[in-house]
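Reader: I would like to learn how to read a few features off a model. Please take them one at a time.

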Amino acid sequence: MAKRTLTNMRVVATGAASGIGYALASRMVQAGAHVLATARREERLQQLQRDNFGAPGSLAILPGDLTSPSPRSAIAAWCREHWGAIDTLVNNAGAGAIGPFADATGDRRRQGMEIDFFAPAELTRICMPLLLSGNRPAILNIGSVLGHRAVPLKSEYCAAKFAMRGWSESIRVELKRSGIDVLMVSHSTTR
């Protein structure tokens with residue numbers, strides 16, 4: 001997989017309201033990429049926009065909860081209308097659950113799988129035609145070291161990140177012939 005330049009790259013970055021997503025979106029815009037940043041918290045997306053005003057690239061925002069189908073469809077529609085293609089899809093949105101498995105509610109277990117696995121899988125599926133039209137397209141899935149090694153008190157999060165890892169490895173092979181690269185970053189604790 002060859003290195004890519006970020007200049008003029010069309011990037012969708014989910015979970016861009018804080019943490020890794022905020023930092024990635026900022027760095028990409030500063031390097032000249034055109035970024036559509038998405039997250040649930042619109043006020044944080046607006047702050048991201050203010051923080052990157054005047055950057056070499058461009059930053060558009062589109063708030064929404066990716067566990068619902070309509071925001072995922074809105075992302076694809078925005079990209080189709082404004083760019084015509086996507087060069088890189090960054091599946092970063094996620095949430096962690098902490099606590100004993102015995103105390104977890106069904107809702108907590110389902111919520112983790114929805115945001116950490118089902119939402120990125122569905123967004124990727126919806127964006128496939130746009131990625132196929134992209135320049136050296138790539139899918140970047142933000143996983144976790146906990147998708148490789150489980151720990152106590154984070155069973156739902158670990159399960160979701162293991163699912164993300166398995167899915168990433170599978171589609172990496174499936175999409176190779178179509179020219180779409182699939183990468184997964186498995187980070188540890190971050191600031």
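Reader: Is Glu 169 buried, partly exposed or exposed?

Author: This is a predicted model, in which local features need pLDDT of at least 70 and side-chain atom pairs count only at pLDDT 80 or more, while totals for chains, interfaces and linings use all residues. Residues are numbered from 1 along each chain as its sequence is written, and side-chain values use heavy atoms, with hydrogens and water left out. Buried means under 20% relative accessible area, exposed over 50%, and partly exposed in between (1.4 Å probe, protein chains only). Glu 169 has a relative accessible area of 39%, so it is partly exposed.

Reader: Which residue forms a salt bridge with Glu 169?

Author: Side chains of opposite charge can pair when their charged atoms come close. The rule for a salt bridge is a side-chain nitrogen of Lys or Arg within 4 Å of a carboxyl oxygen of Asp or Glu. Glu 169 pairs with Arg 165, with 3.2 Å between the closest N and O atoms. Both lie in helix H5, 4 residues apart, about one turn of the helix. Helices (H or I, at least four residues) and strands (E, at least two) are DSSP runs, numbered from the N terminus.

Reader: How many salt bridges does this rule give?

Author: The count is 4. One of them joins the side chains of Asp 87 and Arg 10, at 2.8 Å from N to O. This pair links distant parts of the chain, 77 residues apart: Asp 87 is in the loop between H3 and strand S4 (88–91), and Arg 10 is in strand S1 (residues 10–13). Both residues are buried.

Reader: Which residues touch the most other members of the largest nonpolar core?

Author: A nonpolar core is a set of buried Ala, Val, Leu, Ile, Met, Phe, Trp, Tyr and Cys residues joined through side-chain atoms within 4.5 Å. In the largest one, of 29 residues, they are Val 12, Leu 36, Cys 79 and Leu 131. Helix H4 gives the most to this core, with 9 residues.

Reader: How much space lies in the largest pocket?

Author: Rolling a probe the size of a water molecule over the atoms shows where empty space is left. On a 1 Å grid over the protein atoms alone, a pocket is an open set of points where a 1.4 Å probe fits, with protein on both sides within 12 Å along at least five of seven lines; lining residues have an atom within 4 Å of a point. Grid points are joined across faces, edges and corners, and a volume is the space filled by probe spheres set on the points. Here the largest pocket holds about 870 Å³. Its lining has 37 residues, and Asn 92, Ala 93, Gly 94, Ala 95 and Gly 96 lie nearest its centre.
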